[in-house]
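This briefing covers one protein chain, from its overall make-up down to single elements. The sequence and structure come next.

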Amino acid sequence: MRAGGRKMQPDDPAQGAPPAHTADSASNAIAQEIERLVGTRNYQHWFCGSTSLKTADDVLTVGVGSPFLLSWMQKQFRASVAAAAQAVLGPSARINFEVDAKLLGQAGALASSRAPGNPKKLTPQAEPTGEPARNGRRFAALADFVEGSCNRLPLTAAHKVCESPGAKFNPLFLHGLVGTGKTHLLEGIYSSLRRQFPALNVMFLTAEAFANYFTEALREHKLPGFRRRFRNVDVLIVDDVDFLCSKKVIQEEFLHTIKQLESHQRQIIVAADSHPRLLEKMSDDLSTRFLSGLVCRLESPDRETRRKIVDALAARLDADISPEALAFVAQRFTGNVRELIGALNCLETYCHMTLKRVGLTAARHVLADLERDCVRITRISDVEEVVCTFFGLGADDLKSPRRNRSVSQPRMLAMYLARKHTQAAYREIGSYFGGRNHSTVKAAEQKVAHWLEDQTSVNVATQSWQMQELVEALEQQIRAS
């Protein structure tokens, strides 16, 4: 006999084995055994209505409501679930945990509604403001964009375009690293224009979608219809325009589209990860066309702006997170807004899981692994690669004794950036760049700082760059590498 009075199946088949469990009866029996092993309170909190149990032969599959809960349930209850499965299905029983799409988002809410003494009632997240969903997509609103010193110029330009599309800043070119808010601004412009000027034909799409439409029209011999569609709009908004790099035929079509729209004072707004001058394998005609309007860069958010963003995001969450925990997120996740969103999602899930307010200590614990994953160490070789690529030099050039300007300036820039973005000491940097001493590196650092202060111009190929603009371009590529 098994513990609890259950009969064991006979080992000898000749003695006559009882009928096998049906899938439903086996799942019910396993559920009862789990409740006995973990206790009624834990069962009601974590399993009842929040998980699914499915059996197939000797395999039990436990479905949960999120990837976060998947890890938690395996850690806390795997042994008990395995024991319950073996008690019902036999000693060869195996268990699998997986995310059940039908339970996504339900587990935390169900547990919250059943738990006694819940410190905060969790309610559904409010619908975001902005353009109503079109084909399943909801567009962001400019009002939700958090302003800071890192994005004030592009945000101002976006508002001006919305006031009088086509009158100025045409084309408007937004660029910046991933997660700095380019797409949010584009969507905000789209939403605002459709609300303020409902009679205008406003089109929003990615450069990839433009390329796909063109390719399809070319294949099906429908180019006239394609051109009527894109050259008769009042406002054309294109995201990720750097997708067109190296696609010469599509670039040519896009250039003629822009020319047609500009000749009729139609507004064009595009976004990319890089400055128009840094879009490799983009035609000069397109690059100079982008430069003829207004080019605005979105910087990674500074600490003050990150705190504003975190507070705005947290206000929409279905979770109780302390101000200290929010300040910790803003302080430690410095890369981009997507990192902040991911960190807050982890804290929200933890709040649902524990039904407790998330304080600073809990935030440190929950986000420890995520924080480590966001750390990236820049090496001297990373700086060297970016500088060499930008100036068209080889690594041996920077390490050579040559002192002509075409080599010495990039070398000094590389030393300056290595000192700023790596942990290396002066002596280590000097040794890396051709065995130079620490005083040479220190002099290079001071020289570049002087160039920046005096706004010195530098010739790169056939173009003149302000030193500040050049350093920012190199730093952007170092962060992206």
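The chain exposes about 25,100 Å², and carbon and sulfur atoms supply 49% of that area; accessible areas come from the Shrake-Rupley method with a 1.4 Å probe, and for residues only the protein chains shown count as cover. This is a predicted model, in which local features need pLDDT of at least 70 and side-chain atom pairs count only at pLDDT 80 or more, while totals for chains, interfaces and linings use all residues. Residues are numbered from 1 along each chain as its sequence is written, and side-chain values use heavy atoms, with hydrogens and water left out.

**Overall make-up**
- The secondary structure comprises 21 helices and 10 strands, taken as DSSP runs numbered from the N terminus (helices H or I, at least four residues; strands E, at least two).
- Of the 481 residues, 45% count as buried (under 20% relative accessible area, with exposed over 50% and partly exposed in between; 1.4 Å probe, protein chains only).
- Among contacts (heavy atoms within 4.5 Å) with a separation of 6 or more, 71% join residues 24 or more positions apart.

**Sheet β1-β2-β3**
- Three strands form an open sheet of mixed pairing, in the order β1-β2-β3; two strands pair if DSSP finds at least two bridges between them.
- β1 (52–56) and β3 (94–99) are the edge strands, each with a single partner, so one side of each has no neighbour in the sheet.
- β2 (residues 59–64) runs parallel to β3 and is joined to it by 6 bridges.

**Nonpolar cores**
- A nonpolar core is a set of buried Ala, Val, Leu, Ile, Met, Phe, Trp, Tyr and Cys residues joined through side-chain atoms within 4.5 Å.
- The largest has 48 residues, of which F47, V81, I321 and V329 touch the most other members.
- Helix α13 (residues 337–354) gives this core its largest share, 8 residues.
- Leaving aside residues up to four places away in sequence, I321 touches L326, L344, L347, R357 and V358.
- A second, separate core of 35 residues includes Y416, I429, V460 and I478.

**Helix α9**
- α9 (residues 248–263) has 16 residues and reaches 23 Å from its first C-alpha to its last, close to the 22 Å expected (1.5 Å times one less than the number of residues).
- Its buried residues are I250, Q251, E253, F254, L255, T257, I258, L261 and E262.
- Their cover includes α7 (207–219), α8 (223–231), β6 (235–239), β7 (267–272) and α10 (284–291).
- Q265, which follows α9, has a positive phi near 55 degrees.
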